[in-house]
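Hi,

Here is the structure I promised to pass on. Have a look at it first, and my notes follow below.

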Amino acid sequence: MDKTLKRLFDFQKFEGNKELQSVIDSVHARYAVRELDLDEMDFVSAAGNPDLPAKNKDQEKKFQ
């Protein structure tokens with residue numbers, strides 16, 4: 001399993017890929033790197049949207 005994961009995520013396979021690098025460069029060009037101010041931080045939620053109701057796990061199992 002470890003060998004499979006290592007092969008799947010081996011960075012060296014992609015390091016010289018010119019197409020992938022052009023995608024990365026275009027994304028970097030579109031988005032500025034900067035710190036968020038306090039007002040902008042109000043819109044960031046790493047754990048999801050706290051205003052949404054929690055899902056009922058029993059209901060999820062019924063639909064699977």
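Let me start with Arg-34, which counts as exposed because its relative accessibility is 53%; here buried means under 20% relative accessible area, exposed over 50%, and partly exposed in between (1.4 Å probe, protein chains only). Arg-34 forms a salt bridge with Glu-40, and their closest N and O atoms are 2.8 Å apart. A salt bridge is taken as a side-chain nitrogen of Lys or Arg within 4 Å of a carboxyl oxygen of Asp or Glu. Glu-40 is partly exposed, because its relative accessible area is 25%. A search of the whole structure finds one salt bridge.

Before going further, a word on the source: this is a predicted model, where local features need pLDDT of at least 70, side-chain atom pairs count only at pLDDT 80 or more, and totals for chains, interfaces and linings use all residues. Residues are numbered from 1 along each chain as its sequence is written, and side-chain values use heavy atoms, with hydrogens and water left out.

On confidence, the chain averages a pLDDT (the predictor's confidence in each residue, from 0 to 100) of 76, and 73% of the residues score at least 70. Confidence is highest in helix α3 (residues 18-30), with a mean of 90, and lowest in helix α5 (residues 57-62), with a mean of 54.

As for the fold, the chain has five helices and zero strands. These are DSSP runs numbered from the N terminus (helices: H or I, at least four residues; strands: E, at least two). Of the 64 residues in the chain, 0% are buried.

Helix α3 has 13 residues and reaches 18 Å from its first C-alpha to its last, close to the 18 Å expected at 1.5 Å a residue; the expected span is 1.5 Å times one less than the number of residues. At its start, a side-chain oxygen of Asn-17 comes to within 3.0 Å of the backbone nitrogen of Glu-19.

The last item is a nonpolar patch on the surface, formed by Phe-14, Leu-20, Val-23, Ile-24, Val-27 and Tyr-31, with about 510 Å² of accessible area together. Patches are made of residues with over 30% relative accessible area and no salt bridge, with like charges joined within 9 Å and nonpolar side chains (Val, Leu, Ile, Met, Phe, Trp, Tyr) within 5 Å. Areas come from the Shrake-Rupley method with a 1.4 Å probe; for residues, only the protein chains shown count as cover. The largest share of the patch, four residues, comes from α3.

Best wishes

Note on methods:
A polar contact is a pair of N or O atoms within 3.5 Å; within protein, one must be able to donate a hydrogen and the other to accept it, and residues adjacent in sequence count only if both atoms are side-chain atoms.
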